[in-house]
Amino acid sequence: MKFTFSINIKCAVVILVVLLQGIFSYGQSTFSTYSRFGIGTLHQPGSMTHFAMGGLSTPITDVSLINLSNPATYSSCGITTFQISATGSALKSTTQNESMRYNSGQINEMAILFKKPGSKWAFAAGLTPYSTMNYKLTNASPTNDSLKTNYIYSGTGGLNKLTIGASRQFTFYKTTIRQDSLNRKDTTVRIPLHQLTIGMNANFIFGSLISENMVEFNNATYYNTKEISKLMNKGWMLEGGLLYRTRLDRREENGKVIGESHLFIGVDYQYSPFKLNSVYKEENSRYIYSNGVALAAGSTYTPEERHGKMTLPQHMAAGIAFRKSHKKWGRYTVGIDYKMQDWLQFDLSIANTDFLFGDYMSTAQTISAGAEYEPSLATHYDLLHRMSYRAGIRNTQTNLTVNGTQITQKAVSVGISIPVVRSMSRFHFAAEYMTSGTHENELIMEKGFNFIVGFTLTPSERWFFQRKYD
């Protein structure tokens, strides 16, 4: 008997094209005033469902969802899966005297996981934002009775993370002797009791941070000035994850399992043994306005490129979750997560670039708590019973300290997942109400809603299967 290994070519080609397009067109556009500092606003780890659970991600597994925030979860997926999501924001920034509203959005995640059904191995690749820089600040100041000066500060870009990872699952069984109903024959049964999964990611960090400072006058005879600085970065970061799962109890009825409960413990650690390669460029120019069009005035000064290294701090996360299921009332999951990254260890070894980051860095910490409820585990019930419902809260002390105050975020989130008929594929929707910053010490407060929508493609037709022939 011989075997061949085949692939659903249509699905593989479509997913490959989407991933390649995403790599070359991936953009950052989430707006935040505080993205002006450091390397921008840090991305909260986790996928669509984790967003709805307050960012709870390290100990959470799902048979049809890719969790790039802990590579040890890959083996928990049941079959090859593709997912994509996008985020949007409707926020309001306020000071003690002024306010501004803005809307923004961006591609949040693209990922694909390869797994043969029943295998202990799984492989994943994905693209997510690491940080986002997108801000614009304007300050008008009268120079004299007839001259007004506008100072405009803006920034775009950010860092992206391209992930390639794998995981391996180890299962430990408990052996018991079971008799049939007539007590005529003993049967040896192996019951899975403990499960340990080890995962590893190789993350390629890349992207540019672009800042633009302009000084403009309301008099056309005055020269306006523009200063553009660009910091380009690329390098590798390694990540390791562990996931431990144990069965706490098991209910049987007439020899069939009708309910059970599990405890999950997850750990994730990111480290960059190889410092990112960084290149810094500047461009200073003068211009005047003629009929509303900016015209160059004189020469443009462009210093030579400066090369150096960027050190990103290590990232640690740990979480615990409890999951209980029953044939009659479905399944629920609750858990808590802690993440930490000490940005005091951040370093950029390029001469005369201290002004880019200043003394803004501090230790970032996030505590997340969330819950999920699925009314039914069967596929023949109505849509409402087959949907998943989620809620969560999080408290984040960001990596930024401005005017002596560490910027804090607080959020409450909810979300749902809607299954596709005759498939494990699902649509995901989630939203959070978030507040960030404060009015104290002349700072800005941001508050409003963040949204995320996404889709996981897990068709009923297998993408990988074996053909047998003689």
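Analyst: Thr-149 has a relative accessible area of 2%, so it counts as buried, the cut-off being under 20%. This value, like the others here, is computed from a predicted model. Thr-149 belongs to strand β7, which covers residues 148–179. Beyond its neighbours within four places in sequence, Thr-149 is in contact with Asn-139, Ala-140, Ser-141 and Thr-143, and also with Val-215, Glu-216 and Phe-217. Asn-219 is 70 residues away from Thr-149 in sequence, yet the C-alpha to C-alpha separation is 9.2 Å.

Strands β3 (81–94), β4 (99–114) and β6 (135–142) each supply at least two lining residues, with β6 giving the most, 4 residues. By class, this lining has 8 nonpolar, 11 polar and 4 charged residues.

The largest pocket has a volume of about 870 Å³. It is lined by 30 residues, and those nearest its centre are Val-63, Arg-331, Glu-374, Leu-377 and Met-424. The elements giving two or more residues to this lining are β10 (256–271), β14 (315–326) and β17 (363–374). The largest share, 3 residues, comes from β14. By class, the lining of the largest pocket has 7 nonpolar, 12 polar and 11 charged residues.

How values were computed. Residues are numbered from 1 along each chain as its sequence is written. This is a predicted model: local features need pLDDT of at least 70, side-chain atom pairs count only at pLDDT 80 or more; totals for chains, interfaces and linings use all residues. Side-chain values use heavy atoms; hydrogens and water are left out. Buried means under 20% relative accessible area, exposed over 50%, partly exposed in between (1.4 Å probe, protein chains only). Contact means heavy atoms within 4.5 Å. On a 1 Å grid over the protein atoms alone, a cavity is a set of points where a 1.4 Å probe fits but cannot get out, and a pocket is an open set with protein on both sides within 12 Å along at least five of seven lines; lining residues have an atom within 4 Å of a point. Grid points are joined across faces, edges and corners, and a volume is the space filled by probe spheres set on the points. Ala, Val, Leu, Ile, Met, Phe, Trp, Tyr, Cys and Pro count as nonpolar, Asp, Glu, Lys and Arg as charged, and the others, Gly among them, as polar.
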